[in-house]
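Some notes on this model follow, as numbered points. Please read them alongside the coordinates.

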Amino acid sequence: MAQWFISGRDTRVNALLGAGHFLSHFYQLCLPPLFIAWQKAFDASFAELGLAMAVMAAAAALMQTPMGFFVDRYGARPFLIGGTLMMTLSIAAMGLATAYWQVVGLALLSGAGNSVIHPADYAILSRSVDRARLGRSFAFHTFAGNVGFAAAPPVTAALALAFGWRGALLFVGLLGLPLVLTIIWQSRILVDRARRPRDRAQLQAAGAKLLLSRSVMMFFAFFMVSAMAGAGIQSWLITILHQMHGLAIEAASAALTGYMIGATAGILIGGWVADRTEHHLPFVVVLTIGAALLLLVGTVSLGELFVAGLTTGASRTPRDVMVKDAAPPGQIGKVFGFVSSGMSLGAAIMPVPYGMIIDAGRPDLVLVAAAALLVLSLLCAGGARAGFRRQVMTAAAAE
């Protein structure tokens, strides 16, 4: 990893933002291991317990775009500090809750704080890191978030066994305070060029029009449709392998783990490639078609699913760099906030329809649908890329 970030300043920027992204993903999955304890403590149903997760996810998804506007207008650093502080204190305060409605309210606040992370981080990375290493920085940022997802359930469960659910939440919540203090201390290395008031007003007026432009909507669709495909694999692969191929639940779970490990490793590979070529779209196309073909042939073995995950993960960082390169100057926060909300929407749309397909006795069609969605996402990517190129050329001619 040291070879990735030769510049000491770049290393510190990536470490700070990577740690924050790790925590933001960790906090999103630290609650499910506590559901059984909460059911007894608050006499809540499982539907009510799921409400905390839904509220947190909805708040993060709905507020990402408004936060992107604020980041571009006033600068990312104050929102990054405030959002991280709100996120960590909300999780810690759950350890003091005496009623479940308090947990739900704090989940709303934590989700609101979480909504800052993507627009603020990508705006800061785009301005702080050397362009020659930006792909690897984006890859490390995504990698850190994935590690947070993976670490949250076992770490929270272990802490709950050792200190109880209240102690676990207080501990993981207060872990964010040293990070907030470090961001404040090191804020001088986080390049954050806020615009002059006159420029801010001009950018604000242009921002809404930009997000509704064909090119940005196509990038939104690209992220959303990709997430719709991923939801079929992550949510239902275990069930599919068990019903279609008779794999034991343990073996099917291991296959899903292999897919996720491959996807995480692929993110780092994609970052390395993104810094060595400007041909990001062809790279994404080849890998996505490869992943779709693997799903169509009905991959079963751990090795095949690892490769499918590897190809999917490797396409993510070039995709992010495409968005950064296409976003007009001073508009990175709102563009990333908007297109990132597409991922949240896509992940929310498809689990139920996929479940209905399985209930109808056709689990094989879930992977076919996921493969078709991956191919469809490429049409969105191509349209977005072409639209942004025309927009940049038009803006340059106007100047």
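1. The structure is a predicted model. A polar atom of the Ser-126 side chain lies 2.7 Å from the backbone oxygen of Tyr-122. Ser-126 sits in helix α6 (residues 117-128).

2. Is Ser-126 buried or exposed? Its relative accessible area is 14%, and buried means under 20%, so Ser-126 counts as buried. Beyond its neighbours within four places in sequence, Ser-126 is in contact with Leu-134, Phe-138, Lys-324 and Ile-332.

3. Lys-324, one of those contacts of Ser-126, is among the buried residues of α14. Helix α14 covers residues 316-326, and nine of its eleven residues are buried, so the helix is largely enclosed by the rest of the structure. The buried set also includes Arg-319 and Asp-320, along with Val-321, Met-322 and Val-323.

4. Helix α7 (residues 134-174) and helix α8 (residues 176-185) have axes that come within 5 Å and cross at roughly 10°. The two helices are therefore roughly parallel. On the α7 side the contact involves Val-172, Gly-173 and Leu-174; on the α8 side, Gly-176, Leu-177 and Pro-178. By class, this contact has four nonpolar residues, two polar and no charged ones.

5. The largest nonpolar core comprises 105 residues, and Trp-38, Met-94 and Phe-219 have the most contacts inside it. Helix α10 (residues 214-245) gives the most to this core, with 15 residues.

6. Which residues does Trp-38 touch, not counting those up to four places away in sequence? They are Leu-31, Asp-43, Ala-44, Leu-49, Met-94, Tyr-100, Val-103, Trp-165 and Leu-169.

Notes: Residues are numbered from 1 along each chain as its sequence is written. This is a predicted model: local features need pLDDT of at least 70, side-chain atom pairs count only at pLDDT 80 or more; totals for chains, interfaces and linings use all residues. Side-chain values use heavy atoms; hydrogens and water are left out. A nonpolar core is a set of buried Ala, Val, Leu, Ile, Met, Phe, Trp, Tyr and Cys residues joined through side-chain atoms within 4.5 Å. Buried means under 20% relative accessible area, exposed over 50%, partly exposed in between (1.4 Å probe, protein chains only). Helices (H or I, at least four residues) and strands (E, at least two) are DSSP runs, numbered from the N terminus. Contact means heavy atoms within 4.5 Å. Axes are lines fitted to C-alpha atoms, for helices over the stretch in contact, and angles run from 0 to 180 degrees between N-to-C directions. Angles under 35 degrees count as roughly parallel, over 145 as roughly antiparallel, 65 to 115 as roughly perpendicular and the rest as oblique. Ala, Val, Leu, Ile, Met, Phe, Trp, Tyr, Cys and Pro count as nonpolar, Asp, Glu, Lys and Arg as charged, and the others, Gly among them, as polar. A polar contact is a pair of N or O atoms within 3.5 Å; within protein, one must be able to donate a hydrogen and the other to accept it, and residues adjacent in sequence count only if both atoms are side-chain atoms.
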